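Biologist: Hi! Could you walk me through this model while I have it open?

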Amino acid sequence: MGDTPAVETKALTRVFQPKKKKEGKSVTALDRVDLRIEKGELFGLLGPNGAGKTTLLKILSTLLLPTSGKAYVAGFDLEKDFVEVRRRINMVSGGEISGYGLLTVRENLWMFSQFYGIKSKDAKERIDSLLDKFGLSDKRDEKVRTLSTGQRQKMNVVRGFVTDPDILFLDEPTLGLDVNASRVIRDHIVDWVDNGKDKTVLLTTHYMAEADQLCNRIAIIDEGKILACNTPENLKKMVRMNKTLTLDVTLLADKSVLGAVKGVDKFTYVDDAEKNLTHLKFVLTDESAVSDIVSDVLGNGSKIVSLQKTEPTLEDVFIKMVGKGFE
Amino acid sequence: MSDGWIKRNVRAIRGRAYPRVIGSTREPSWMFFDVALPLLTVAAYAYIYKFMNAQAQYIGYVVIGGAMTAFWLNVLWSMASQLYWEKEIGNLQLYLMAPISRMSILAGMAVGGLFETTLRAVSTLVIGVVLFSVALNLSHPLMLFGIFFLTMVALYGMGMMFASLYLLFGREAYHMSNLMTEPVYLASGFYFPVKQLGFWAATGASLIPITLGLDAIRQLFYPTKTQDAFLPIATEALILLALCVVFLILAKYSLDYMERLGKTSGRLTLRWQ
């Protein structure tokens with residue numbers, strides 16, 4: 001099992017048939033998906049609604065069968081060894097309302113831990129520790145029905161970690177949460193992967209920044225197909241988009257040399273006499289032009305007030321690949 | 001990661017039973033809805049029998065039958081319909097994803113349901129006995145326990161089987177539960193000895209385990225009133241045992257079928273599908 005991947009799919013295909021023929025055509029949710037996620041990775045799956053992200057997670061979590069192709073989780077065949085797979089995984093979805101409202105937070109989490117055969121004492125210790133980490137200690141004896149949306153989602157995420165799975169599937173875990181609740185969840189995910197032995201997370205998200213910040217690698221999926229799969233940095237390099245440099249400098253009299261700097265594609269400026277500033281904007285074909293621009297500005301007796309370089313974002317990559325944003 | 005298969009499933013049964021066990025202490029309103037309301041029906045029948053100068057044991061039959069209605073309602077509304085509701089709130093997919101037998105989830109529901117319902121049934125029985133001065137003469141408590149146990153295993157086994165079938169029928173299952181409430185009160189003889197329906201009708205009604213269970217329990221409380229008994233207790237016990245086996249096997253089969261169909265079609269087991 002040395003280099004067994006955490007998740008591997010080979011030509012994985014899932015077609016949903018309409019309930020009745022007259023209700024419409026079949027839908028191909030996954031189309032020959034090949035994916036390999038190594039142990040210890042925090043892997044992101046980015047795609048618009050209906051791209052096939054959730055279908056993939058449902059198959060990997062043994063809730064759906066593929067129409068064709070193969071999938072392995074922790075080295076086990078999903079169709080033949082699904083009980084072994086289930087022992088090693090857990091899944092949390094955004095907006096879950098699972099559990100029972102009349103149970104307390106601690107009781108709910110304990111109940112779900114029992115389905116994985118965890119000793120009560122161990123389960124309660126883990127629950128208390130996780131509730132503390134997620135800032136829910138003061139809610140542990142509150143009934144679940146009294147929790148806010150954010151608190152409830154934190155509890156759901158805790159449920160995923162309580163069983164200490166090898167592989168955790170997170171389906172938009174921060175959906176609809178405020179900044180603080182999202183940050184607590186993100187921080188714990190990163191901490192769990194970094195400090196656990198071969199702990200793996202497969203995360204789907206709508207939030208580009210979240211994927212960019214958290215994931216070692218990202219796959220972009222649309223209409224059931226994986227369009228690209230790489231590190232966030234390499235994905236951004238795939239977008240051949242010119243970088244821009246924006247400078248605010250003290251009023252600059254002579255700008256003629258700036259447009260002629262090697263590596264500058266376009267150059268614009270606006271003088272703001274009232275503030276004694278010149279706003280400069282360069283579209284660069286070569287990043288090495290930055291030092292020449294700075295030298296020329298300083299050589300003309302001006303001082304740099306602010307400087308900002310803009311690079312392609314994951315959103316630019318996504319739009320280029322998918323042809324649309326997350327509208 | 002965890003202990004063996006059996007321990008894991010025993011813990012799962014305990015885990016799933018817990019919400020029902022603890023629920024009976026958290027929702028005291030059940031005292032009114034589940035004890036006081038059935039007593040009204042019991043009272044209505046008791047007064048009819050009194051008015052007709054029926055033999056005294058008939059009021060005892062009504063009180064025992066009234067107490068047993070709690071189990072039938074629990075099986076219909078909290079066993080048969082339960083997987084459908086679990087699906088709607090998203091619990092079902094978490095249960096299906098867990099490394100346990102699905103029968104353990106249903107067994108947990110049954111054990112928890114049996115516990116909370118026994119509390120209700122005993123409350124109804126005790127209040128009914130006191131209110132109507134019913135004289136019960138129990139000579140074989142162990143046999144009573146045995147019959148009650150067989151009746152409950154067969155009845156909840158039937159509920160476990162219905163749980164998967166209800167999931168297949170979806171919202172229409174709601175109407176099935178409504179449809180099966182009152183007719184079963186009649187067919188199983190909740191308020192009169194089932195023998196009065198005639199042999200063939202009573203035999204048909206015996207497919208519902210509570211019919212024979214109730215008849216046997218009444219015989220154990222009124223051992224001298226053999227004229228009201230449908231079948232001998234030993235025969236009823238054997239039939240109940242057979243029903244236990246049949247319903248548990250059918251429950252396992254229908255659960256596997258439901259899960260397989262759910263995984264193939266993607267509709268049955270996943271929320272909003």
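Modeller: Happy to, starting with a term: two strands pair if DSSP finds at least two bridges between them. The strands (E, at least two residues) and helices (H or I, at least four) are themselves DSSP runs, numbered from the N terminus. This is a predicted model, in which local features need pLDDT of at least 70 and side-chain atom pairs pLDDT 80 or more, while totals for chains, interfaces and linings use all residues. Residues are numbered from 1 along each chain as its sequence is written, with chains lettered from A and ligands numbered from 1 in the order in which they are written.

Biologist: Great. Which residue stands opposite A:F169 in β8(A)?

Modeller: That is A:L202. The strands β7(A) and β8(A) run parallel and are joined by 5 bridges.

Biologist: And what does β7(A) pair with over 5 bridges in the parallel sense, from residues 89-93?

Modeller: Strand β6 of chain A. There, A:S93 has A:D171 of β7(A) as its bridge partner.

Biologist: How many residues of β7(A) are buried?

Modeller: 5 of the 5, so β7(A) is largely enclosed by the rest of the structure. Buried here means 20 or more other C-beta atoms within 10 Å of a residue's own, exposed means 12 or fewer, and partly exposed is in between, with C-beta atoms placed from the backbone. A:I167, A:F169 and A:D171 point one way from the strand, and A:L168 and A:L170 the other way.

Biologist: Which strands does it pair with?

Modeller: There are 5 parallel bridges between β3(A) and β8 (residues 200-205), and 4 parallel bridges between β3(A) and β9 (residues 217-222). On the β8(A) side, A:F43 is partnered by A:L202. On the β9(A) side, A:G44 stands opposite A:I218.

Biologist: Changing topic: which residues touch the most other members of the largest nonpolar core?

Modeller: A:V73 and B:M68, out of 155 residues in that core. Such a core is a set of buried Ala, Val, Leu, Ile, Met, Phe, Trp, Tyr and Cys residues joined through C-beta atoms within 7 Å. Helix α3 (residues 57-80) of chain B gives the largest share, 15 residues. Apart from this core lies another of 10 residues, including A:L245, A:L252, A:L280 and A:F282.

Biologist: What is A:V73 in contact with?

Modeller: Beyond its neighbours within four places in sequence, A:V73 contacts A:V7, A:L60, A:L78, A:V85, A:R88, A:I89 and A:I167. A contact means that the two C-beta atoms, placed from the backbone, lie within 7 Å.

Biologist: I noticed A:A74. What is its phi?

Modeller: Positive, about 55°, although A:A74 is not a glycine. For background, most residues other than glycine have a negative phi. A:A74 sits in the loop between β4 (68-73) and β5 (76-77) of chain A, and counts as buried because it has 22 C-beta neighbours inside 10 Å.

Biologist: Over to chain B. How far does helix α2 reach?

Modeller: The 22 residues of α2(B), 30-51, reach 31 Å from first C-alpha to last, close to the 32 Å expected at 1.5 Å a residue. That expected span is 1.5 Å times one less than the number of residues. After the helix comes B:N53, with a positive phi near 55°.

Biologist: Which of its residues are buried, and what do they pack against?

Modeller: B:D34, B:V35, B:P38, B:V42, B:A46 and B:Y49 are buried, and the buried residues pack against α3 and α6 (102-131) of chain B. B:V42 has 26 other C-beta atoms within 10 Å.
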